Structures are given as structure tokens and as C-alpha cells.
Amino acid sequence: MDLTTTGRYRVLGRPRDSDELLLIDAAEGSSASRRTVSGDVDIDADGDAGGADADAEAFGPTYVAATGYDGELGEGVASLEAGNLVDARLSWADGDPRFESVEVIAETTFEFLDGVTGMFEAAKETWWAAEADGEAMNGRVTRDTDGEPNGALYVFAKQSGARDLFEEFKNGVTPLEPLVERANEGGDRAPETEQPRAVFVMRPADEPFLVVYIAFRRDGMLARTVRDTYA
């Protein structure tokens, strides 16, 4: 008898092979292995950001076969995009997981943009503040022209040596999920299941930092502007 498991997962796309999808455990209170992200940033219900040193929880990665399905299940698996939040039932035959069912809970998208140029001023200013404080990370909430919060902006120092933080975000070694969860905590914004987010991970070609920018509305003005400018 094959083992089956059910859970809530974040789809990270196909970073390793086009025939498999990478899922990250997104269940609340996940007890997966821990990795450290220094200089974490909390976002409170009023949309303000503040620095705090904390460990970010790495949510266990699972590579699931993305081919060989029929009917509605096959169409559903084929349509999954990086960033989607899903409820899935997996069967484990010989230790290799396959989908038995999958339902998209939130159509959030993740986009990984390498070598971008012309980085926007808010990102530069956020990084300059980190440098002034001797920190390797900083974050802030951005606002639209009416003063309403429209996104959560994080900057991280590019890592020296063999470590590649951009690739770690892309393949789930360093999790994005805690940042998304924090951005979801604002009491005055709709939950992700009702208002999907757009998450942009950008590695500028000519800056000493990486950017993670979470637009609170996937199809809002902010997300469209970032896509038009950098994608």
C-alpha cells in the first residue's frame, strides 16, 4: 500500500527539471528544518516595518512528478505556476511523490529576474539605510500615491564566496515563505486567498544587493509597473 500525504504547499516552479515541480511546505507552523536569515523584518498591521534578528523557518522542499497525468488532474498540474499556493494530496510509490489531487488556493506568482538594471530609488534608499546601520538586510512597506500600502520591499546583501542567495531563493534552500507570510499579516489588507500577491526576486547587475518585492495585489498597478520595467 502506497503512502499518501496531504498538505498546503507553495509551488516554486521547475528549477531542476521541466518534468518535476518543486513544492515547499506552506502549512502554518511547519516544523521543517531551520535556516537562518539575518536581519529579519517584521511588518505590523499598520504597514510599518522594523528590524529584528530572527531565524526564518525553511519549509521542506519536495520534488513532485509533473508529467504522466490524465484528464482534469493533468490539466491542473500543467497549469501550476511558480508562487501558486495549493492544497495537494501526494502518493509516494517507492519514495517518489506524485499528485493524486491538487487545488489552487491562491494564484500568487513568483518571478525571478536576474541581471536587471535601472533599480528603482526605493530599493537603493532601503539598501543605503542598511549600510548605514551595518546590516546585511533591510525592509520597508511601500505606498501608492494615495498613501496606501501597496507592497513589502526587502533588500539583502549579495553573498560573497560560493553562496548564491538568488539561486537559494529560487530553489527553496532559503525560503521566501516567511517573507510572504509577514506581508500577509497586515490587518487592513485582504488575505492572500482573496487577493493574490506578486513576488519579484531581482538580482541587479550593477548593485551590491538583491531585492524581494511583494506586491499586495498580483494584478495591481505596482505589480504591472515592476513587470513592465524589469521582466
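Author: Before a lining is described, its residues need classes: Ala, Val, Leu, Ile, Met, Phe, Trp, Tyr, Cys and Pro count as nonpolar, Asp, Glu, Lys and Arg as charged, and the others, Gly among them, as polar. The model is predicted, so local features need pLDDT of at least 70 and side-chain atom pairs pLDDT 80 or more, while totals for chains, interfaces and linings use all residues. Residues are numbered from 1 along each chain as its sequence is written, and side-chain values use heavy atoms, without hydrogens and water.

Reader: How many helices and strands are in the chain?

Author: Helices (H or I, at least four residues) and strands (E, at least two) are DSSP runs numbered from the N terminus. Here the chain has five helices and 12 strands.

Reader: How much space lies in the largest pocket, and which residues lie nearest its centre?

Author: On a 1 Å grid over the protein atoms alone, a pocket is an open set of points with protein on both sides within 12 Å along at least five of seven lines, a cavity is a set where a 1.4 Å probe fits but cannot get out, and lining residues have an atom within 4 Å of a point. Points are joined across faces, edges and corners, and volume is the space filled by probe spheres set on them. The largest pocket holds about 450 Å³. Its lining has 22 residues, with Asp144, Glu148, Pro149, Asn150 and Arg217 nearest the centre. Two or more lining residues come from each of strand 9 (137-143), strand 10 (149-157), strand 12 (209-215) and helix 5 (221-230). Helix 5 has the largest share, four residues.

Reader: How do the residues of this lining of the largest pocket divide?

Author: Nine are nonpolar, six polar and seven charged.

Reader: What lines the second largest pocket?

Author: This pocket, of about 270 Å³, is lined by 12 residues, and Arg8, Ala26, Leu85, Glu181 and Asn184 lie nearest its centre. Strand 1 (3-13) and helix 4 (177-183) each give two or more residues to that lining, and helix 4 gives the most, three. By class, the lining has four nonpolar, two polar and six charged residues.

Reader: How many cavities of 30 Å³ or more are there?

Author: The count comes to one. The largest cavity has a volume of about 60 Å³. Arg10, Leu12, Ile24, Phe110, Phe169, Gly172, Pro175, Leu176 and Glu177 line it; six of these are nonpolar, one is polar and two are charged.

Reader: Which residues touch the most other members of the largest nonpolar core?

Author: In soluble globular proteins, nonpolar side chains tend to be buried together. A nonpolar core is a set of buried Ala, Val, Leu, Ile, Met, Phe, Trp, Tyr and Cys residues joined through side-chain atoms within 4.5 Å; buried means under 20% relative accessible area, exposed over 50%, partly exposed in between (1.4 Å probe, protein chains only). The largest core has 23 residues, and Val212 and Ile214 touch the most other members. At least two of its residues come from each of several elements, including strand 2 (20-25), strand 8 (109-116), helix 3 (165-171) and strand 11 (198-204). Apart from this core lies another, of 22 residues, with Val116, Ala130, Ala198 and Tyr230 among them. Across the chain of 231 residues, 48% count as buried.

Reader: Why is Thr229 classed as partly exposed?

Author: Thr229, in helix 5, is partly exposed because its relative accessible area is 48%. The C-alpha atoms of Thr229 and Met119 are 9.5 Å apart, although 110 residues separate them along the chain.
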